[in-house]
Amino acid sequence: MSTATQSPAKTPRGPKPKRAFSPANIMIYGTLFVVSIYYLLPLYVMVMTSLKDMTEVRMGNIFSPPVEITFEPWVKAWAEACTGINCDGLSRGFWNSVRILIPSVVVSIAVASVSGYALSFWRFKGSELFFNILIVGAFIPYQIMLYPIVIILRELGVYGTLTGLVMVHTIFGMPILTLLFRNYFASVPEELFKAARVDGAGFWGIYVQIMLPMSLPIFVVAIILQVTGIWNDFLFGVVFTKPDIYPMTVQLNNIVNSVQGVKEYNVNMAATLLTGMVPLVIYFVSGKLFVRGIAAGAVKG
Amino acid sequence: MDQIVNPSISIKNLDLSFGAVEVLKNLNLDIADGEFVVLLGSSGCGKSTLLNCIAGLLDVSDGEIHISGKNVTWEEPSQRGIGMVFQSYALYPQMTVEGNLTFGLRNARVPKDEIAARVEKAAKILQIEPLLKRKPAALSGGQRQRVAIGRALVRDVDVFLFDEPLSNLDAKLRADLRVEIKQLHQQLGNTMIYVTHDQIEAMTLADRIAIMLNGNVLQFASPYEIYNHPANKYVATFIGSPTMNFIEGSVHGGKFDSALGTHSLDGYDFTTPSPDGPAWLGIRPEHMATGDEAANKPIQLEGRVEFVEPLGSDTLTRVTVGDQHMWVRMDGQAQVKIGEMIPIGFSATQAHLFDTTTEERL
């Protein structure tokens, strides 16, 4: 009796006690720790460097926090840094990127969601072939298509404009987004579609009233994909636009790689962090939405 | 079968193939106004496909479909005057129950007060008034299926189509809802077509059952007719549980010869004038008498008890007669032991004879 109360672990009853330092736990947390250090350390160095002034940077203690915190490099990166003849900092590139991003994301997702919906519910003759061609398109390296696209854009009269770049981003987003939406809609029970047809809803009626409201999670996934992809794009930006309308990534490269004068590491760090801010914010904001979207969409028959 | 003068639904020479696969072959079916028809068959027999063709959800390869005297072969599902209930309920997950009920009416631009009146009426009939503001996710399976029926109900149509509506429900709920569907039919008097693979649903609900196999209708008749005069061996096997017992032999001058002896077929109502030849004799387990009753039957056999399944109300017993296995349905109070010899008797009036090659009824 007394032994049982003293050491309850000896009588197997109730939940099995778990060991805190099991080999599995050590592996999982050990790996997580190493990987986080690997990714967080450079970020730490960047943030610290961007808050120092140049005299402190030159002392070379990259891991030490700034003695005197200054936001001067951030202001300079945003509003004063020079690329070529423009000396209005990254702000120009930021707004260019926004003007590229919003139409590209909206148009590509709108088109891809409708075509994904059509490909899974309104099969037409050759729709499978069409889809396969689209998927093959996703595997052709971009570099092969650069020059033909330059010619096409020139002939259309949109070479070197934001419109041209938006068109390119929209088209290159099609394969993966269409695949994404088609597979999502393929998982929607076909009877739902049949019921809506009996209820007299047409192509757009079913899309807008039935399919859209239940596809929030997949839209969030598509937005994350497209926003990060387009924001981080460098190749298309540098090839299809002109210096005045360079997206932020291209401008960042020009600031960091400018050879005249002193290398202002603190400004470069601040500029890089500013450029990376948008995808980061998207992940944080939509991550929450994503979970909520899945919860709201979870209605199994 | 009498010719139906003004059929509610008339299917004429319907063909449907997917590529090289013929699913429905030259199918003809006339369904009377207000009739409850069950399409019954095992999976892959084309019953759901036929229903989808009637609904207009599948394009036919050939033939015509008429609903309420109108040729609707090329019409959209919503233009055919049908309401449909699906196995998976297929409720719109992001709409409330009310939204689900009114969706079709809103698409058809029915006036608001008319919509409200119809929803109220349907909700009252199906007793789903307290659920109107809920989302489908917050409903139980039975409630969801009621809403799905309501969605067909508010459309105020002549024809209801049910595609295995009770298959996703548990046994108790299935039995309850089956009764409700039957009552609904009596109350509304609409034509209803109901697809199922469950013979109990078919027997209890139908005015007429169409038994399908490989895209053909094998027999289209009342449950009584299907049970008592199955048109061929497949229908005889398909209906009834446990399944009908068969003895192989031959018909010869009004007598049946088999390994079990020669028995007179007096009282059997032959459908063909010259039934002589090799045949199957079928007899249902419930038509086999045992004990003292067996002695009163014209055909008598003796079987050894092999296996006993007491169900409470009945006792199912498998016996061997000669080298044949047969199921016998005995009274629930009967006490039988394995290995015991029991007398079995039946009369030719309750037997069924089928040609061995064509499997058609003799």
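Good morning. I begin with a pair of helices: in chain A, helix α5 (residues 91-121) packs with helix α11 (residues 216-232) at an angle of about 145 degrees, and their axes are 10 Å apart. Axes here are lines fitted to C-alpha atoms, for helices over the stretch in contact, and angles run from 0 to 180 degrees between N-to-C directions. Helices (H or I, at least four residues) are DSSP runs, numbered from the N terminus.

The model is predicted: local features need pLDDT of at least 70, and side-chain atom pairs count only at pLDDT 80 or more, while totals for chains, interfaces and linings use all residues. Residues are numbered from 1 along each chain as its sequence is written, and chains are lettered from A and ligands numbered from 1 in the order in which they are written.

Which residues meet between these helices? From α5(A), they include A:Ile100, A:Leu101 and A:Val105; from α11(A), A:Phe219, A:Ile223 and A:Trp231 are among them. Contact requires C-beta atoms, placed from the backbone, within 7 Å. The residues of this contact divide into ten nonpolar, four polar and no charged. Ala, Val, Leu, Ile, Met, Phe, Trp, Tyr, Cys and Pro count as nonpolar, Asp, Glu, Lys and Arg as charged, and the others, Gly among them, as polar.

I turn now to the domains. An automatic or database assignment gives domain 1 (14-70) and domain 2 (91-297) of chain A. Eight residues of domain 1 of chain A are in contact with seven of domain 2 of chain A. On the domain 1 side, α2(A) gives the largest share, four residues. Thank you.

Technical notes:
Two residues are in contact if their C-beta atoms, placed from the backbone, lie within 7 Å. Helices (H or I, at least four residues) and strands (E, at least two) are DSSP runs, numbered from the N terminus.
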